[in-house]
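Let's take a walk through this model together. Here it is.

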Amino acid sequence: MKKIAIFAGDGIGPEIVASARLVLDAVNTAAGLHLQCMEGAVGGAAIDRCGDPLPPESLQMALEADAVLLGAVGGPQWDALPPAQRPEQGLLRLRKGLDLYANLRPVQIFPQLLDASPLRPELVRDVDILVVRELTGDIYFGQPRGSETGPDGLRRAFNTMVYDEAEIRRIAHVGFRAAQGRRKRLCSVDKANVLETTRLWREVVTEVAREYPDVTLSHMYVDNAAMQLIRAPAQFDVLLTGNIFGDILSDEASQLTGSIGMLPSASLGEGRAMYEPIHGSAPDIAGQDKANPLATILSVAMMLRYSLGAEAWAERVERAVLRVLDSGYRTVDIASPGTHLLGTRAMGQAVVAALAQID
Ligand code: NAI
Ligand code: MG
């Protein structure tokens with residue numbers, strides 16, 4: 001029996017997670033997985049309840065689980081809080097507490113959504129990228145950090161970008177191993193021309209590459225990578241990045257697919273894993289049954305694959321999503337003329353119905 005910790009979070013989090021739960025529960029029953037699902041609070045929901053975005057019992061629940069499913073955290077009602085007390089800090093502490101250093105973000109093109117991409121179909125048709133993002137280091141965690149008013153009366157704020165070679169080496173190995181199972185090309189993103197941390201990044205990635213002679217390594221500055229993702233995105237196979245560059249580039253890459261509501265992610269550590277859509281809590285559409293749950297449903301597929309040893313069921317869920325898109329069902333973010341609009345919950349139900357048709 002495997003344990004799943006579920007943190008729905010804030011904004012659209014409870015809606016997309018409830019929709020994905022329909023799929024997870026259907027697979028659980030059909031596959032006889034005997035999953036034990038536990039629900040806990042992180043983010044704003046936890047702040048409202050006990051003043052802490054990651055209460056100790058939630059961290060404990062995640063540590064005891066075989067996998068974590070997370071919606072999204074954050075929202076304007078907590079904007080006035082200092083960064084260290086905000087909902088997002090609960091998520092950062094959860095990733096750090098589970099030592100989830102490898103964030104895998106597949107950027108897959110759905111042929112049915114080619115008309116939803118802001119880019120021309122011929123540019124995005126052949127896109128198949130895996131962003132491998134380091135998740136527990138970089139400027140999000142570096143010390144010192146803070147804000148202060150100086151003796152001159154001016155407000156100052158500062159964060160520290162820091163990586164050590166062990167952190168870089170372990171994520172580089174994840175990237176190269178992933179490339180070996182794909183088209184054997186890895187592009188490492190840095191800003192080695194101006195930042196010492198990313199100069200070390202480039203050196204260490206180059207060293208690790210010697211252990212993977214079958215993988216072709218290239219390096220790209222992050223500003224160029226941002227441009228190339230729009231100019232010629234099909235050139236990339238594995239894109240290896242630090243924490244902040246990967247955060248930004250993967251949101252950008254999501255637009256190749258048509259909507260940020262389509263992209264799942266897996267965050268992996270040694271024997272631990274968390275699955276979540278790459279988007280945030282979308283307060284602008286929260287509570288309206290409008291959010292696209294497919295990124296969360298595809299995150300459940302990644303959970304079946306990486307944590308539950310159920311590859312065949314992961315593929316079935318992915319095929320069910322394609323079938324639903326084939327049938328013309330769309331949430332509002334991916335809608336186009338002639339398609340059938342569904343709400344968040346109905347989209348989950350449609351995937352469950354499609355799953356039942358797949359042998
Ligand atoms: P966001 O990703 O929440 O939203 C950006 C835009 O994409 C919005 O217009 C939203 O409506 C749309 N969108 C996002 N997910 C969607 C979905 N599933 N279906 C349809 N449309 C969707 O990013 P934003 O607005 O910058 O941040 C909102 C809050 O979320 C902030 O508090 C932020 O800190 C937090 N956040 C949390 C993350 C997490 O929990 N992993 C990641 C990113 C942001
Ligand atoms: Mg982000």
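A crossing of two helices is called left-handed if the near helix is turned anticlockwise from the far one by less than a right angle, and right-handed if clockwise. Helices here are DSSP runs of H or I with at least four residues, numbered from the N terminus.

What you're looking at is a predicted model, where local features need pLDDT of at least 70, side-chain atom pairs count only at pLDDT 80 or more, and totals for chains, interfaces and linings use all residues. Residues are numbered from 1 along each chain as its sequence is written, and chains are lettered from A and ligands numbered from 1 in the order in which they are written. The chain averages a pLDDT (the predictor's confidence in each residue, from 0 to 100) of 96.

Now for the helices. α11 (residues 311-326) packs on α12 (residues 344-357) at about 115°, with the axes 8 Å apart; axes are lines fitted to C-alpha atoms over the stretch in contact, and angles run from 0 to 180 degrees between N-to-C directions. That makes α11 roughly perpendicular to α12, the term covering 65 to 115 degrees. Their crossing is right-handed. Contacts (C-beta atoms, placed from the backbone, within 7 Å) include Arg 316 and Val 317 from α11, and Ala 350 and Val 351 from α12.

Over to α8 (residues 222-231) and α9 (residues 243-257): their angle is about 10°, with axes 10 Å apart. So α8 is roughly parallel to α9, meaning an angle under 35 degrees. This crossing is right-handed too.

Technical notes. Helices (H or I, at least four residues) and strands (E, at least two) are DSSP runs, numbered from the N terminus. Angles under 35 degrees count as roughly parallel, over 145 as roughly antiparallel, 65 to 115 as roughly perpendicular and the rest as oblique. Two residues are in contact if their C-beta atoms, placed from the backbone, lie within 7 Å.
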